[in-house]
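Here's a quick briefing to read with the model open beside you. Have a look at the fold, then work through the points below.

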Amino acid sequence: MLGFGGYEILSAYLYDFLDALITQQTSPEEAYRKFDDLANKHTEVLRKATKQVQEARLNHDENAVKKAVNDYEDALERYVPVLMAQAKIFWDLGNYTQVEKIFKKSVEFCNEHEIWKLNVAHTVFMQENKFKDAVGFYEPIVKKKYDNILDVSAIVLANLCVSYIMNTQNSEAEQLMKKIEKEEETVSFEEQDKKLFHLCIVNLVIGTLYCAKGNYEFGISRVMKSLEPYNKKLGTDTWYYAKRCFLSLFEQLAKQLVVLKDNTLQDCIQFFEHCEVYGRDIPTVLEPLFELQEMSPMPKAKETVTYEARYLKALFLKYQMS
């Protein structure tokens with residue numbers, strides 16, 4: 001932590017950036033204004049650097065070109081965090097249209113920047129009506145590492161698969177999922193104890209999407225498939241997202257808003273039984289960084305996947321017999 005006067009060791013850029021970040025805690029509007037001022041300063045520097053690169057190239061001065069390009073790249077690396085922090089203010093509000101507008105203003109400088117492209121992809125994906133655009137941004141990210149597909153973030157793969165499906169490109173989604181499955185099988189053969197979650201997360205995201213759209217038959221089947229084999233796929237996080245879909249389904253069943261086929265209902269019960277067996281040592285609550293004495297957490301026995309799976313099974317059995 002900086003002591004009194006410690007700000008003096010910070011660069012003006014870093015001081016202003018941290019000042020805007022701190023301001024965001026109490027006044028997002030004022031923080032946005034500060035980030036905007038910073039962004040405008042950076043764009044002026046970037047335009048100046050761009051001009052210097054062009055002039056150096058016209059003069060065929062390789063040393064000057066190299067220096068100008070380095071200056072431009074340094075300026076860009078200072079600009080991108082400011083841009084992302086500014087955009088995050090609206091991301092946290094769920095205003096993805098405004099986030100996209102902020103990114104569009106920066107396309108002149110950032111259209112080749114990997115972090116910028118990734119966040120634009122997430123932004124258009126979240127708008128749920130621009131899946132074709134999302135494919136356009138996600139696809140190059142995935143293809144760049146296609147030969148090492150597991151090096152790509154699982155959520156990127158999942159969002160691309162969903163975008164394919166929503167854009168009626170089902171064959172592309174299937175091909176990508178087969179590629180992930182093949183890579184996971186290869187790694188599992190070489191490292192049998194290693195847990196791999198890429199295909200699991202892809203299936204979870206697709207299943208959750210279909211459940212959210214009201215297609216529980218297909219959505220729940222995807223969710224259940226995502227956790228096979230249970231000894232390698234069942235974990236605190238994967239169970240958390242899976243059970244949300246089942247809770248949503250049960251709520252709809254209880255309100256008689258959806259009807260489930262008998263065999264699907266039986267599959268759900270069998271799924272809970274599998275989770276009972278493999279979830280005995282899997283916590284459903286992550287350990288807090290610290291515990292307060294006045295807090296009275298649930299008994300540890302109730303903080304396992306086995307307990308929650310057994311509870312859900314009881315609910316679905318009760319519904320089945322009603």
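This is a predicted model: local features need pLDDT of at least 70, side-chain atom pairs count only at pLDDT 80 or more; totals for chains, interfaces and linings use all residues.

## Briefing

Thr238 is buried, with a relative accessible area of 7%.

**Helix packing**

- Two packed helices are described by the angle between their axes and the distance between the axes.
- For H1 and helix H2 (residues 28-58), the angle is about 155° and the axes are 7 Å apart.
- That makes H1 roughly antiparallel to H2, because angles over 145 degrees get that label.
- As for handedness, H1 passes H2 in a left-handed crossing.

**Salt bridges**

- Side chains of opposite charge can pair when their charged atoms come close.
- How many salt bridges are there by the rule used here? The count comes to 17.
- Lys67 and Asp71 make one of them, with N to O at 3.0 Å. Both residues sit in helix H3 (residues 62-92), four residues apart, or about one turn of the helix.
- Lys67 is exposed, at a relative accessible area of 52%, while Asp71 is partly exposed at 30%.
- Glu100 pairs with Lys130, and here the closest N and O atoms are 2.7 Å apart.
- Is Glu100 buried or exposed? With 10% relative accessibility, Glu100 counts as buried, whereas Lys130 is partly exposed, with a relative accessible area of 22%.
- Lys179 and Glu183 also meet through their side chains, in a salt bridge of 3.4 Å, N to O. These two are four residues apart in helix H9 (residues 170-190), so about one helical turn separates them.
- Both partners fall under the 20% cut-off for buried: Lys179 has 18% relative accessibility and Glu183 has 19%.
- There's a network too: Glu30, Arg33 and Asp37 are joined into one by salt bridges that share partners.

**A nonpolar patch on the surface**

- Which residues form a nonpolar patch on the surface? They are Leu14, Leu18 and Ile22, and together they have about 260 Å² of accessible area.
- Ile22 can be found in helix H1 (residues 12-24).
- Ile22 counts as exposed because its relative accessibility is 62%, and the cut-off for exposed is over 50%.

- Most residues other than glycine have a negative phi, and most peptide bonds are trans.
- Where does the chain have a cis peptide bond? Look from Glu228 to Pro229, where omega is near -10°.
- Pro229 lies in the loop between helix H11 (216-226) and helix H12 (230-233).
- Thr168 isn't a glycine, yet its phi is positive, near 55°. You'll find Thr168 in the loop between helix H8 (154-166) and H9, and it counts as exposed at 69% relative accessibility.
- Gln256 is not a glycine either, and its phi is positive at about 60°. This residue is in the loop between H13 and H14, where Gln256 is exposed, with a relative accessible area of 72%.

**Distances along the chain and in space**

- Val259 has its place in the loop between helix H13 (236-254) and helix H14 (262-278). Val259 counts as exposed, with 75% relative accessibility.
- Val259 and Glu217 are 42 residues apart in sequence, and their C-alpha atoms are 9.2 Å apart in space.
- Gln52 is in helix H2 and counts as partly exposed, at 33% relative accessibility.
- From Gln52 to Lys117 the spacing is 65 residues in sequence and 25 Å in space, C-alpha to C-alpha.

Definitions and conventions
Residues are numbered from 1 along each chain as its sequence is written. Side-chain values use heavy atoms; hydrogens and water are left out. Patches are made of residues with over 30% relative accessible area and no salt bridge: like charges are joined within 9 Å, nonpolar side chains (Val, Leu, Ile, Met, Phe, Trp, Tyr) within 5 Å. Accessible areas come from the Shrake-Rupley method with a 1.4 Å probe; for residues, only the protein chains shown count as cover. A salt bridge is a side-chain nitrogen of Lys or Arg within 4 Å of a carboxyl oxygen of Asp or Glu. Buried means under 20% relative accessible area, exposed over 50%, partly exposed in between (1.4 Å probe, protein chains only). Axes are lines fitted to C-alpha atoms, for helices over the stretch in contact, and angles run from 0 to 180 degrees between N-to-C directions. Angles under 35 degrees count as roughly parallel, over 145 as roughly antiparallel, 65 to 115 as roughly perpendicular and the rest as oblique. A crossing is left-handed if the near helix is turned anticlockwise from the far one by less than a right angle, and right-handed if clockwise.
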